[in-house]
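Trainee: I would like a close look at a single part of this model. Please take me through it residue by residue.

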Amino acid sequence: MRRLVSELQRRNVFRIAIAYVAVSWLLLQACGLIFDAFDLPHVAMRVLFVLLLLGFVPALIFSWVYEITPDGLKRETEIDSGQSITRLNDHKLNFIIIGVLAGVVAILLVNQYRRPHPMTAESATRLASTAQSVAPANPTVTRSKASIAVLPFTDMSQAKDQEYFSDGMSEELLNLLAQVPGLHVAGRTSSFSFKGKSAGIAEIGNALNVATVLEGSVRKSGNRLRIAAQLINVADGYQLWSQTYDRKLTDVFVMQDEIAGAVVDALKLKLLPAQRPDATRRFVPSP
(Lines give C-alpha, C1' and ligand atoms only; values in the text may rest on other atoms or scores of the structure.)
Protein backbone atom coordinates (compact mmCIF):
# COMPACT_ATOMS: atom_id res chain seq x y z
CA MET A 1 0.00 0.00 0.00
CA ARG A 2 2.82 2.39 0.90
CA ARG A 3 4.53 1.56 -2.36
CA LEU A 4 1.37 2.42 -4.30
CA VAL A 5 0.97 5.73 -2.48
CA SER A 6 4.61 6.53 -3.06
CA GLU A 7 4.25 5.76 -6.75
CA LEU A 8 1.13 7.94 -6.98
CA GLN A 9 3.05 10.79 -5.40
CA ARG A 10 6.01 10.27 -7.72
CA ARG A 11 3.80 10.39 -10.80
CA ASN A 12 2.01 13.54 -9.55
CA VAL A 13 -1.41 11.86 -9.54
CA PHE A 14 -2.43 13.60 -6.31
CA ARG A 15 -1.30 17.00 -7.58
CA ILE A 16 -3.15 16.48 -10.86
CA ALA A 17 -6.32 15.57 -8.92
CA ILE A 18 -6.11 18.73 -6.80
CA ALA A 19 -5.37 20.92 -9.83
CA TYR A 20 -8.21 19.32 -11.84
CA VAL A 21 -10.78 19.92 -9.09
CA ALA A 22 -9.65 23.52 -8.55
CA VAL A 23 -9.61 24.38 -12.26
CA SER A 24 -13.02 22.73 -12.74
CA TRP A 25 -14.48 24.80 -9.93
CA LEU A 26 -13.12 28.01 -11.45
CA LEU A 27 -14.45 27.00 -14.86
CA LEU A 28 -17.92 26.36 -13.43
CA GLN A 29 -17.93 29.75 -11.70
CA ALA A 30 -16.86 31.57 -14.87
CA CYS A 31 -19.35 29.71 -17.06
CA GLY A 32 -22.10 30.43 -14.54
CA LEU A 33 -21.56 34.16 -15.02
CA ILE A 34 -21.40 33.81 -18.80
CA PHE A 35 -24.51 31.61 -18.98
CA ASP A 36 -26.48 34.10 -16.85
CA ALA A 37 -25.35 37.00 -19.04
CA PHE A 38 -26.61 35.26 -22.19
CA ASP A 39 -29.72 33.74 -20.55
CA LEU A 40 -28.62 30.21 -21.42
CA PRO A 41 -30.72 27.35 -19.99
CA HIS A 42 -29.66 25.78 -16.69
CA VAL A 43 -29.25 22.44 -18.43
CA ALA A 44 -26.08 23.80 -20.07
CA MET A 45 -24.44 24.15 -16.66
CA ARG A 46 -25.48 20.61 -15.76
CA VAL A 47 -24.01 19.27 -18.97
CA LEU A 48 -20.72 21.06 -18.27
CA PHE A 49 -20.61 19.67 -14.73
CA VAL A 50 -21.21 16.12 -15.99
CA LEU A 51 -18.47 16.48 -18.62
CA LEU A 52 -15.96 17.70 -16.03
CA LEU A 53 -16.95 14.87 -13.71
CA LEU A 54 -16.48 12.30 -16.47
CA GLY A 55 -13.07 13.75 -17.30
CA PHE A 56 -11.72 13.40 -13.75
CA VAL A 57 -10.79 9.71 -13.92
CA PRO A 58 -9.23 9.94 -17.43
CA ALA A 59 -7.09 12.85 -16.18
CA LEU A 60 -5.76 10.72 -13.32
CA ILE A 61 -5.08 7.80 -15.65
CA PHE A 62 -3.29 10.15 -18.03
CA SER A 63 -1.04 11.45 -15.24
CA TRP A 64 -0.24 7.86 -14.22
CA VAL A 65 0.61 6.62 -17.71
CA TYR A 66 2.35 9.66 -19.23
CA GLU A 67 5.01 12.12 -18.16
CA ILE A 68 5.84 15.49 -19.62
CA THR A 69 9.43 15.59 -20.87
CA PRO A 70 11.46 18.14 -22.88
CA ASP A 71 10.70 15.96 -25.92
CA GLY A 72 6.97 15.97 -25.27
CA LEU A 73 4.66 13.40 -23.74
CA LYS A 74 6.11 9.95 -23.18
CA ARG A 75 4.91 6.82 -21.48
CA GLU A 76 6.23 6.34 -17.99
CA THR A 77 7.60 2.94 -18.95
CA GLU A 78 9.69 4.45 -21.76
CA ILE A 79 11.61 6.87 -19.51
CA ASP A 80 14.68 5.89 -17.56
CA SER A 81 14.69 6.87 -13.93
CA GLY A 82 17.79 8.99 -14.51
CA GLN A 83 16.11 10.97 -17.32
CA SER A 84 12.89 11.62 -15.44
CA ILE A 85 12.11 15.25 -14.71
CA THR A 86 9.34 14.47 -12.24
CA ARG A 87 10.82 16.78 -9.61
CA LEU A 88 10.83 19.68 -12.05
CA ASN A 89 7.22 18.93 -12.95
CA ASP A 90 6.44 18.82 -9.23
CA HIS A 91 7.50 22.45 -8.85
CA LYS A 92 5.50 23.54 -11.90
CA LEU A 93 2.39 21.79 -10.63
CA ASN A 94 2.87 23.32 -7.22
CA PHE A 95 2.91 26.81 -8.73
CA ILE A 96 -0.17 26.01 -10.82
CA ILE A 97 -2.05 24.68 -7.80
CA ILE A 98 -1.10 27.69 -5.68
CA GLY A 99 -2.24 30.07 -8.42
CA VAL A 100 -5.56 28.27 -8.91
CA LEU A 101 -6.23 28.11 -5.18
CA ALA A 102 -5.49 31.82 -4.93
CA GLY A 103 -8.11 32.39 -7.63
CA VAL A 104 -10.58 30.24 -5.71
CA VAL A 105 -10.01 32.26 -2.53
CA ALA A 106 -10.40 35.53 -4.46
CA ILE A 107 -13.74 34.45 -5.93
CA LEU A 108 -14.98 33.31 -2.52
CA LEU A 109 -14.07 36.68 -1.02
CA VAL A 110 -15.79 38.55 -3.87
CA ASN A 111 -18.96 36.47 -3.46
CA GLN A 112 -18.89 37.06 0.28
CA TYR A 113 -18.53 40.81 -0.28
CA ARG A 114 -21.37 40.92 -2.82
CA ARG A 115 -23.74 38.84 -0.69
CA PRO A 116 -26.40 41.07 0.93
CA HIS A 117 -25.92 41.45 4.65
CA PRO A 118 -28.79 40.48 6.94
CA MET A 119 -31.07 43.39 7.71
CA THR A 120 -31.02 44.49 11.31
CA ALA A 121 -34.13 45.49 13.23
CA GLU A 122 -33.06 49.14 13.10
CA SER A 123 -32.58 48.99 9.33
CA ALA A 124 -35.95 47.30 8.85
CA THR A 125 -37.69 49.98 10.93
CA ARG A 126 -35.97 52.74 8.96
CA LEU A 127 -36.92 51.13 5.64
CA ALA A 128 -40.54 50.71 6.70
CA SER A 129 -40.84 54.34 7.77
CA THR A 130 -39.27 55.49 4.51
CA ALA A 131 -41.72 53.39 2.50
CA GLN A 132 -44.67 54.82 4.40
CA SER A 133 -43.50 58.36 3.77
CA VAL A 134 -42.98 57.75 0.07
CA ALA A 135 -46.12 55.70 -0.58
CA PRO A 136 -48.61 58.61 -0.65
CA ALA A 137 -46.54 60.35 -3.34
CA ASN A 138 -46.69 57.25 -5.60
CA PRO A 139 -50.28 55.95 -5.60
CA THR A 140 -50.88 52.61 -7.29
CA VAL A 141 -52.58 52.89 -10.66
CA THR A 142 -55.81 50.90 -10.65
CA ARG A 143 -57.10 49.21 -13.74
CA SER A 144 -60.66 50.22 -14.61
CA LYS A 145 -63.04 47.41 -15.49
CA ALA A 146 -64.46 49.61 -18.26
CA SER A 147 -61.16 49.78 -20.14
CA ILE A 148 -60.36 48.20 -23.48
CA ALA A 149 -57.61 47.90 -26.07
CA VAL A 150 -58.42 47.22 -29.72
CA LEU A 151 -55.77 45.13 -31.40
CA PRO A 152 -55.21 45.24 -35.16
CA PHE A 153 -57.47 42.66 -36.79
CA THR A 154 -55.62 39.76 -38.41
CA ASP A 155 -55.82 39.20 -42.16
CA MET A 156 -56.52 35.47 -42.46
CA SER A 157 -57.51 35.52 -46.13
CA GLN A 158 -55.65 33.10 -48.36
CA ALA A 159 -54.25 35.84 -50.58
CA LYS A 160 -53.30 38.04 -47.61
CA ASP A 161 -54.73 41.05 -49.44
CA GLN A 162 -57.17 42.34 -46.82
CA GLU A 163 -54.75 44.11 -44.50
CA TYR A 164 -56.15 47.50 -45.46
CA PHE A 165 -59.65 46.34 -44.49
CA SER A 166 -58.39 44.74 -41.24
CA ASP A 167 -56.56 47.88 -40.12
CA GLY A 168 -59.49 50.05 -41.18
CA MET A 169 -61.83 47.87 -39.12
CA SER A 170 -59.67 48.38 -36.04
CA GLU A 171 -59.43 52.12 -36.70
CA GLU A 172 -63.23 52.45 -36.95
CA LEU A 173 -63.72 50.50 -33.74
CA LEU A 174 -61.20 52.70 -31.94
CA ASN A 175 -62.96 55.86 -33.12
CA LEU A 176 -66.40 54.68 -32.03
CA LEU A 177 -65.30 53.27 -28.70
CA ALA A 178 -63.45 56.47 -27.84
CA GLN A 179 -66.79 58.32 -28.10
CA VAL A 180 -68.49 56.11 -25.50
CA PRO A 181 -68.71 57.99 -22.16
CA GLY A 182 -67.18 56.15 -19.23
CA LEU A 183 -65.14 53.78 -21.40
CA HIS A 184 -61.34 54.03 -21.28
CA VAL A 185 -59.77 53.12 -24.62
CA ALA A 186 -56.05 52.55 -25.17
CA GLY A 187 -54.58 54.76 -27.89
CA ARG A 188 -54.00 53.58 -31.43
CA THR A 189 -50.21 53.85 -31.24
CA SER A 190 -50.10 51.68 -28.13
CA SER A 191 -52.51 49.06 -29.46
CA PHE A 192 -50.97 48.85 -32.93
CA SER A 193 -47.49 48.39 -31.43
CA PHE A 194 -48.48 44.73 -30.87
CA LYS A 195 -49.27 44.18 -34.54
CA GLY A 196 -47.55 41.04 -35.83
CA LYS A 197 -46.21 40.13 -32.38
CA SER A 198 -46.97 36.92 -30.50
CA ALA A 199 -47.65 38.59 -27.15
CA GLY A 200 -50.14 37.02 -24.75
CA ILE A 201 -53.36 38.69 -23.63
CA ALA A 202 -52.07 39.12 -20.06
CA GLU A 203 -48.89 40.78 -21.33
CA ILE A 204 -50.86 43.14 -23.58
CA GLY A 205 -53.33 43.99 -20.83
CA ASN A 206 -50.57 44.77 -18.35
CA ALA A 207 -48.63 46.83 -20.87
CA LEU A 208 -51.68 48.92 -21.85
CA ASN A 209 -53.29 48.88 -18.37
CA VAL A 210 -56.66 47.66 -19.62
CA ALA A 211 -59.07 45.04 -18.29
CA THR A 212 -60.30 43.76 -21.66
CA VAL A 213 -58.86 43.26 -25.13
CA LEU A 214 -60.78 43.22 -28.39
CA GLU A 215 -59.22 41.20 -31.19
CA GLY A 216 -60.53 39.85 -34.46
CA SER A 217 -59.83 38.47 -37.89
CA VAL A 218 -60.87 38.99 -41.50
CA ARG A 219 -61.31 36.19 -44.04
CA LYS A 220 -62.23 36.50 -47.70
CA SER A 221 -63.84 33.93 -49.97
CA GLY A 222 -64.80 35.12 -53.43
CA ASN A 223 -66.71 38.36 -52.98
CA ARG A 224 -67.67 37.67 -49.36
CA LEU A 225 -65.95 38.70 -46.17
CA ARG A 226 -66.22 37.11 -42.74
CA ILE A 227 -65.26 39.32 -39.83
CA ALA A 228 -64.85 37.68 -36.41
CA ALA A 229 -64.49 39.72 -33.22
CA GLN A 230 -64.02 38.60 -29.64
CA LEU A 231 -63.71 40.38 -26.31
CA ILE A 232 -61.26 38.76 -23.88
CA ASN A 233 -60.90 39.30 -20.15
CA VAL A 234 -57.26 40.06 -19.31
CA ALA A 235 -57.50 38.68 -15.77
CA ASP A 236 -58.27 35.06 -16.76
CA GLY A 237 -57.96 34.97 -20.57
CA TYR A 238 -61.58 33.86 -21.07
CA GLN A 239 -63.86 35.23 -23.76
CA LEU A 240 -66.54 37.63 -22.57
CA TRP A 241 -68.18 37.98 -25.96
CA SER A 242 -67.68 36.92 -29.57
CA GLN A 243 -69.53 37.36 -32.85
CA THR A 244 -69.05 36.63 -36.54
CA TYR A 245 -70.29 38.88 -39.35
CA ASP A 246 -70.67 37.77 -42.99
CA ARG A 247 -71.07 40.40 -45.69
CA LYS A 248 -70.67 40.78 -49.43
CA LEU A 249 -67.68 42.87 -50.44
CA THR A 250 -69.38 45.99 -51.78
CA ASP A 251 -68.75 49.38 -50.17
CA VAL A 252 -65.83 48.87 -47.77
CA PHE A 253 -66.51 51.98 -45.69
CA VAL A 254 -70.18 51.15 -45.25
CA MET A 255 -69.28 47.64 -44.12
CA GLN A 256 -66.70 48.90 -41.64
CA ASP A 257 -69.06 51.48 -40.21
CA GLU A 258 -71.95 49.02 -39.95
CA ILE A 259 -70.00 46.19 -38.33
CA ALA A 260 -68.07 48.53 -36.01
CA GLY A 261 -71.36 50.01 -34.82
CA ALA A 262 -72.75 46.55 -34.07
CA VAL A 263 -69.62 45.55 -32.17
CA VAL A 264 -69.64 48.76 -30.12
CA ASP A 265 -73.30 48.28 -29.19
CA ALA A 266 -72.55 44.75 -28.03
CA LEU A 267 -69.52 45.89 -26.01
CA LYS A 268 -71.57 48.58 -24.29
CA LEU A 269 -73.83 45.89 -22.87
CA LYS A 270 -70.80 43.95 -21.61
CA LEU A 271 -68.63 46.75 -20.29
CA LEU A 272 -71.21 49.44 -19.46
CA PRO A 273 -74.49 47.61 -18.76
CA ALA A 274 -76.00 50.76 -17.23
CA GLN A 275 -75.83 52.53 -20.62
CA ARG A 276 -78.35 51.76 -23.36
CA PRO A 277 -76.88 51.20 -26.82
CA ASP A 278 -77.59 53.65 -29.60
CA ALA A 279 -80.44 52.17 -31.60
CA THR A 280 -79.32 53.90 -34.77
CA ARG A 281 -76.05 51.93 -34.73
CA ARG A 282 -77.50 48.51 -33.97
CA PHE A 283 -77.10 45.82 -36.53
CA VAL A 284 -78.07 42.17 -36.58
CA PRO A 285 -75.39 39.95 -38.20
CA SER A 286 -76.48 38.02 -41.23
CA PRO A 287 -76.81 34.27 -40.92
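How many aromatic pairs does a search of the whole structure find? After that, please stay with helix H9: which of its residues are buried?

Mentor: The search finds one aromatic pair in the whole structure. To pair, ring centres of Phe, Tyr or Trp (its six-membered ring) must lie within 6.5 Å; planes under 30 degrees apart are stacked, over 60 edge-to-face, the rest tilted.

Some ground rules. This is a predicted model, with pLDDT of at least 70 needed for local features and 80 or more for side-chain atom pairs, while totals for chains, interfaces and linings use all residues. Numbering starts from 1 along each chain as its sequence is written, and side-chain values use heavy atoms, without hydrogens or water.

Now H9. This helix spans residues 201-208. Helices (H or I, at least four residues) and strands (E, at least two) are DSSP runs numbered from the N terminus. The buried residues of H9 are Ile201, Ile204, Gly205 and Leu208. They sit on the same side of H9, because their arc around the axis is only 95°. That arc is taken from the directions between the helix axis and the C-beta atoms. Buried means under 20% relative accessible area, exposed over 50%, partly exposed in between (1.4 Å probe, protein chains only). An α-helix has 3.6 residues a turn, so residues three or four places apart point the same way.

Turn to the opposite face. Asn206 and Ala207 are exposed there, away from the buried side of H9. The cover over the buried residues includes strand E3 (147-150), helix H8 (188-192), strand E6 (212-221) and strand E7 (224-233). After H9 comes Asn209, with a positive phi near 55°.

Next, the loop that leads in. Ala199 lies in the loop between H8 and H9. Ala199 is partly exposed, at 22% relative accessibility. Leaving out residues up to four places away in sequence, Ala199 touches Phe194 and Ile204. A contact means heavy atoms within 4.5 Å. Ile204 is also one of the buried residues of H9.

Lys195 brings in a charge. Its side chain meets that of Asp167 in a salt bridge, 2.8 Å from N to O. Asp167 belongs to helix H7 (residues 163-178) and Lys195 to the loop between H8 and H9, so the bridge ties together parts 28 residues apart in sequence. A salt bridge puts a side-chain nitrogen of Lys or Arg within 4 Å of a carboxyl oxygen of Asp or Glu. Asp167 counts as buried at 17% relative accessibility. Lys195, at 35%, counts as partly exposed.

H8 has its own tie to H7. Glu171 and Arg188 form a salt bridge, with the closest N and O atoms 2.2 Å apart. Glu171 in H7 and Arg188 in H8 are 17 residues apart, so this pair too links distant parts of the chain. Glu171 is partly exposed at 25% relative accessibility. Arg188 is partly exposed as well, at 41%. The charged end of Arg188 also sits over the ring of Phe192, 4.2 Å from its centre. For that label, NZ of Lys or CZ of Arg must be within 6 Å of the ring centre and within 35 degrees of the ring normal.

The structure holds five salt bridges. Among them is Arg247 with Glu258, 3.9 Å from N to O. Arg247 is in strand E8 (residues 239-248) and Glu258 in helix H10 (residues 252-271), eleven residues apart. Lastly, shared partners join Glu163, Asp167 and Lys195 into one salt-bridge network.
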